[in-house]
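Biologist: I would like to learn how to read a protein structure, one feature at a time. Could you take me through this one?

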Amino acid sequence: MEEGAGWLTPTSIFLILFLFLSKYVLLKRKAKHRNLPPSPPALPLIGHLHLIKEPLHRSLEKLKEKYGHIIFLKLGTRKVLVVSSPSAVEECLTKNDITFANRPQTLAGKYLNYDGKTVGFASYGDYWRNLRRLTTIELFSNNRLGMFARVREEEIQLLVKQLFKECKGSQTSKVNLRDKLVELSFNIMLRMLSGKRYYGDDVIAQEGKEFQSLMKEYVELVGSGNLNDFLTILQWVDFQGIKKKMVKVMNKMDIFLQNLIEEHRRNRRVSSTKEQRNMTIIDLMLDLQRDDPQFYTEETIKALILAMLVAGSETSAITMEWSLSLLLNNPDAMKKTRFEIDTYVGQHHLLNELDTAKLKYLQNVITETMRLYPVAPLMIPHESSKDCKVCGFDIPEGTMLFVNLWTLHRDAEWWVEPTRFEPERFERGEGSDVLYNMIPFGIGRRACPGAPLAKRVMGHALGALIQCFEWERIGDQEINMMEGVGLTMPKVEPLVAVCRPRQGMIKVLSNI
C-alpha cells in the first residue's frame, strides 16, 4: 500500500501539472488570436461548411452583407479569411504580401499539378521565384510575345475564315461561340508551346481528338469543388473517388506532355540551328534545361507547359464569351464598339494587334467585362505563412485567404450602378481614385504573369469578330448571364448567336 501510494503521488502531480500547462497553452493561443474577424456561428466538426453553396463567390457575398468585408470562417479543418474591400486587399496582398504568398495544400495541387510544381500552385520560395522569373522575363516578356504575334494573327484569321465559310459567303449562320473561342485560345497557346494546333475543322488527327478529350477531363477536375480539401477524414476514404480520378487523368496528361517534349528532342537532332530551335516555348525550355539541368528537370518543364496551356487558354476564352454576351444584351454598346473599329481601322484590311491600341472603347468593354465577370472570382487561394494582422484583426498562421473579386468589383461603395454594364465608366475615370477596387489579374507577387498575353489575344480576337460580322441573339430573349461553377467561372449556358458577314468586309474575308 505504501509503495502504491508513493507511485500515485508523483503521477497525480504530473497529470495536474500537464492539465494546467495544457490549459495555459490553450488560453495563450486563444489570447494570441482573441481579436479574430467577425464570424458566423459554427457547427461542430464541419464549422461553416453548411453555409457554403455553389457558386462559392455568391455564398460568400451573402455572408459579407451580414458580417462585413472581412470574415473569418472555419471550413471543416481549415481556417479561412475572406476579404472584399480595397483596404483589406491592400493589407493582405501589399503590406502582408510575403506572408500571404503561399498556396494552401490541395488535392488539385498535389495530383493535378505535379505536387505543387506549376507556377500557380507552387509554394512560395526559391523554386517558385525561379518559375516566376522565367515566366515574366522569358515567356511573357514583350519581346517574346512579339515573336509569336504571327501565330496569334494566323489563328484569328483562320477563325474568321471558318465563320465566313459557314455563312456561305453572305448568309447567316448559328454559331456556338464558346466552342469557337475555346478552339482559338487553345490553338494559340498550343502553337506557341509546341508549334501544333489540335482544334478546328481541318484537324482530324487522332492525337488532336485525344488531346481535346483529355483537356476537357482535366479542366473539369481542376475546377470542381472538393470537400476532401476541407474535411481531412474524407481523404482517407477517397470520398467520391476524387483522388482516383485525378491520378488517372494526370497519368494520361503526363504521357501527353512527355511525348511533346520527346518529339521536340527528336526534331532538334535533325536541325541544330538556334533560329529553328527557338521557334517554340518547349524549344526554349529545352535550351534552358541544357544550361541548368538541376532546376529544369523533366517534371518542371512539364509543369510549366501544363500551367501555360490551362491558365493561358481557358481564361481568355471565358472572358471573350462573357464580353460578346454582354454586347449582345446591350446593342448600343455593340454599335459603339463597331463604330470605333470602322473609324480607326476601316474595312480595307483585317484588324491586327497594332490596331487594337487605338480602340479605347473596345478595351473598356473588356475591362468592364472583367469587372462584372472576373474569370477567377475568388482568385487562386493564398495561405498565411505566419501570424499577422489584417485591418486590426489577428490572423493565425495557416489561414487560407479568399479575395472575393465578385463582391469587390460590384460594391456600390466604389462603383456607380455596379451591376450595370457600362464601359463608359472608364472613360470618365470612375473608380480610378480608389486603389485595389478592381484586380482581375490579382496583385502582388502572385499576380497572373500571363496578363499581357491575355489582353493582346482578347482585344485582337473580339475586335476582328465585331469588324467582320453582324452578331444577333437567337430570338428576342436576352442572353442568360448566370454564371456556372468552376475555378474560372464559365457561363452556365454556352453562348450561341447568329452571325452574318458585314457587306463591307466580304472582299477582305474572301481573300484571307
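Modeller: What follows is a short tour of helices, cysteines and backbone angles.

Modeller: This is a predicted model, in which local features need pLDDT of at least 70, side-chain atom pairs count only at pLDDT 80 or more, and totals for chains, interfaces and linings use all residues. Residues are numbered from 1 along each chain as its sequence is written, and side-chain values use heavy atoms, with hydrogens and water left out.

Biologist: How many residues of helix α15 are buried?

Modeller: Two terms come before that. Helices (H or I, at least four residues) and strands (E, at least two) are DSSP runs, numbered from the N terminus. Buried means under 20% relative accessible area, exposed over 50%, and partly exposed in between, with a 1.4 Å probe and protein chains only. In α15, 16 of the 16 residues are buried, so the helix is largely enclosed by the rest of the structure.

Biologist: What does Ser-325 touch?

Modeller: Contact means heavy atoms within 4.5 Å. Ser-325 lies in helix α15 and is buried, with a relative accessible area of 0%. Leaving out residues up to four places away in sequence, Ser-325 touches Ile-479, Met-481, Lys-491 and Leu-495.

Biologist: At what angle do α18 and α20 pack?

Modeller: Axes are lines fitted to C-alpha atoms, for helices over the stretch in contact, and angles run from 0 to 180 degrees between N-to-C directions. Helix α18 (residues 360-372) and helix α20 (residues 451-468) pack at about 115°, and their axes are 10 Å apart. The contact is made by Leu-362, Gln-363, Ile-366 and Met-370 of α18 with Met-458, Gly-459, Leu-462 and Gly-463 of α20.

Biologist: Which residues of α3 are buried?

Modeller: In helix α3 (residues 86-95) they are Pro-86, Ala-88, Val-89, Glu-91, Cys-92 and Leu-93. These buried residues pack against β1 (70-75), β2 (78-83), β4 (382-383), β5 (388-390), β7 (400-403) and α19 (405-408).

Biologist: How many disulfides are there?

Modeller: A disulfide is a pair of cysteine sulfur atoms within 2.5 Å. By this rule the count is zero. For Cys-92, the closest cysteine sulfur is in Cys-391, 7.0 Å away, too far for a bond. Cys-388 is in no disulfide either, as its nearest cysteine sulfur, that of Cys-92, is 7.0 Å away. Cys-92 is buried at 0% relative accessibility, and Cys-388 is buried at 12%.

Biologist: What should I look for in the backbone?

Modeller: Most residues other than glycine have a negative phi, and most peptide bonds are trans. Here a cis peptide bond joins Glu-54 and Pro-55, with omega about -5°. Pro-55 sits in the loop between α1 (2-32) and α2 (56-67).

Biologist: Where is Tyr-114, and what is its phi?

Modeller: Tyr-114 is in the loop between α4 (107-111) and α5 (126-139). Its phi is positive, about 50°, although Tyr-114 is not a glycine. Tyr-114 is buried, with a relative accessible area of 9%.

Biologist: Is Met-489 buried or exposed?

Modeller: Met-489 counts as buried, at 0% relative accessibility. Met-489 is found in the loop between β8 (469-472) and β9 (496-501), and its phi is positive, near 45°.
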